[in-house]
Amino acid sequence: MTARVQTAADLEAYRKKVQAKGDSQRKTISVCAGTGCCAFGAMKLAAAFEQALSERKLQDQIQLRLTGCHGFCERGPLVVFHPEGLLYQRVKPDDVSEILDETIAKGVIIERLLYQDAQGQTYQKEDEVPFYKNQMRVLLAHNGLIDPTSIDDYIAVGGYRPLARVLNEMKPEEVCTTIKKSGLRGRGGGGFPAGVKWESCRAAPSQDGIRYIICNADEGDPGAFMDRSLMEGNPHSVIEGMIIGAWAIAHPGRPEGYVYIRHEYPLAVERLGIALQQARDMGFLGKNILGSGLGFDITINRGGGAFVCGESTALMTSIEGFVGEPRAKHIHTVESGLYDKPTNLNNVETWANVPLIIERGVEWYTSIGTGDVSDNPWGGSKGTKIFALVGKVNNTGLVEVPMGATLRHIIYDIGGGIPGGKKFKAVQTGGPSGGCLPESLLDLPVDFDKLTEVGSMMGSGGMIVMDESTCMVDLARYFINFLADESCGKCVTCREGLRQLGIIVKRICAGEGREEDIQLLSDLSQTVAEASLCALGNTAPNPLLSTLKYFREEYEEHVKEKKCRAKVCKALITFTVIEENCTGCLLCKKKCPSQAISGEKKKVHSIDQGKCIQCGVCNDVCKFNAIRVE
Amino acid sequence: MDAKKLNTILDKYRREPSALLAILQDIQDEENYLPKDTIRQVAGELGVPLARIYALSTFFSSFSLEPRGKHICTVCMGTACHVRGAPRLVEHIEREFDVPAGQTTPDMQLTLETVNCVGACALGPLVILDGEYHGNMNPAKLDRVFRPLKKKE
């Protein structure tokens, strides 16, 4: 293991050394080892590359690198060849020999592995692919380049230089001011100015000097995975942000760090653990960091699968070893948080922004985004934001854009629009606390304030696209059930109110809705929002209210006409055989779990409506488009 | 859980009650669930009320107080999976194995669980069987995934 780096000069010398080592092996094959690509078989692919390279005795000339998430999950496993920047997608272990013998040895491009867009155009270079070209990747810039388990890789691309600068050249207060001036707002969803929080925490009295620096990595919003990808792909950027925070907020006191991370993210826990140990070994964590006198270390706490623990006070209670129930915030956590000490909590993406701001300056950072933050940190949304673009969209993946990019730009220019020629219906942002926005709002610039104005919110950055086959009432039911399940139960309005909302929406989906139900939903929603203690309850009705606002006609159809236009709500749909299309192949009959289909070979089948359970299996298996759903 | 193993876990966290969550996670990793006798011992060793451990183990969805099956099937219920048809997958497995979500088959072969999101949205709807991810599922494709299990029965 490397010796401790004692000073900023040591660090620069070490950087030169690792950079020189990298230069001697310029040719690199980068295999994406994010969760998405791993699920598509990236590890088997990497093993195949390793074996094939050693068979050809190429391992000294060509470096194989397992990197973090490249973002284009839809097309995994992804392989990028450096320095050319050639991108191959959906690569299988069987392709490896051909790649080495043709592409690597002779420079011949294998057409079938190139990305092809919906119009049939193919692209060779990663940065020419529209999905990447239309993004502004600064936080994710190094994700596809560095091996997340190698601190040398991070140092080679300039890592820990911002930390050295802060510790050598800046007073803690100056760092707080810099972050405040940058306009960085909390990426976990709240959008609170980070610099303001840091200053308040620094100013709060602490008798023994202890201040807690926490990273909230309990990314619970379904459909959001940007924090996971940062931790898996570039864990040192998060750690470096936290160390800078410790200096700014607590030096010369006794800062202590925690990362609270979801147990559903085992790979992120593992990579962060490795990174922390490397940072300790190199002397970026521990006593007297880079000779500055700062002492700081970080502990990992794994969550237990409770959504509410993403709420700051619930998270702190959970770290203390109790059930994660939120508490009232009349005393702010910056004054009395974890173990009643001043505590500063920021989200993963917020922390990862910090080294960037230090490295590239406030002027650069404020040139990106919306509004003016020169004398009011609430005056705009600055920097970039990573979104998880998922659902009914062609290019599922992680997308980083400047604040203020429009929904249309994200969904169509980067996301490639809706698959299967279907029509866009809505986009859901902000997770279970956010709302569903209709087509008429597609040109909305996305920032903290604009999203709130239209009844949604930024949240942590999940962006779920829906087409005409999504039922908005069913979606509202999904979110209400989710939140009713995740409510900690402390406040009656949240615990019982959500349960009642769930019963009403379920009734509507079952075709038993009453005329007064729609009004009842909005009245009850208001009570839940106003009378609950924490953000879970306060924002819980958002998915319901926004669908009521923008898609009211769907509720009315369910209630009055007993009709589900998206053909999702089982009680309101029937499956029948289209006689002219049915070839009598017997497949649906064989697969039907309720024996509702009768028919003989080469004769038209029929479905017994009394036995049909609307499971849709017949429609899934039919090759002749002979099942009608209405 | 045998006393030696339990002691190793408790010592790892210096027997601090604040580490209860981590201790329970380690026990569950070893045993696949939280055995009654073991959590009684933890309560005694750490000097915390058993009720507090019970509260933790029922509050956090990752804990199970019942033994889980030989195979564990997790269906992702994230929003992206939901809009692509995840509920139909759960219903299908419930029907095929006659086991409600959150429970284990009487022969202890299969536990069916749901999770709020595993963040592999590009593969949705997604089913994880014994740690292996199966993406872009529909009920008909599920039968193929479960074929090895069905054979053993």
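Trainee: Which residue lies over the face of Phe387(A)?

Mentor: In this predicted model, Lys385(A) lies over that face, at 5.7 Å from the ring centre of Phe387(A). The distance cut-off for a charge over a ring is 6 Å, and 5.7 Å is within 6 Å.

Trainee: Over which ring does the charged end of Arg228(A) sit?

Mentor: The ring is that of Tyr265(A), with the charged end of Arg228(A) 5.6 Å from its centre.

Trainee: Why is the pair of Tyr154(A) and Tyr160(A) called edge-to-face?

Mentor: Their planes are 85 degrees apart, with 5.3 Å centre to centre. Because an angle over 60 degrees counts as edge-to-face, the label applies to Tyr154(A) and Tyr160(A).

Trainee: What makes Tyr154(A) and Tyr160(A) buried?

Mentor: Tyr154(A) has a relative accessible area of 6%, and Tyr160(A) has 0%. Buried means under 20%, so both qualify.

Trainee: Why is the pair of Tyr478(A) and Phe482(A) called tilted?

Mentor: Their planes stand at 40 degrees, with the ring centres 6.5 Å apart. Planes under 30 degrees apart would be stacked and those over 60 edge-to-face, so 40 degrees gives a tilted pair.

Trainee: Where do Tyr478(A) and Phe482(A) lie?

Mentor: Both belong to helix α17 (residues 472–486) of chain A, four residues apart, about one turn of the helix. Tyr478(A) is buried at 8% relative accessible area, and Phe482(A) is buried at 6%.

Methods: Residues numbered from 1 in each chain as written. Chains lettered and ligands numbered in written order. Predicted model: local features only at pLDDT ≥ 70, side-chain atom pairs only at ≥ 80, totals over all residues. Heavy atoms only, no water. Phe/Tyr/Trp six-rings, centres within 6.5 Å; stacked < 30°, edge-to-face > 60°. Buried < 20%, exposed > 50% of the residue type's maximum accessible area, 1.4 Å probe, protein only. Helix = DSSP H or I, 4+ residues; strand = E, 2+ residues; numbered from the N terminus. Lys NZ or Arg CZ within 6 Å of the ring centre and 35° of its normal.
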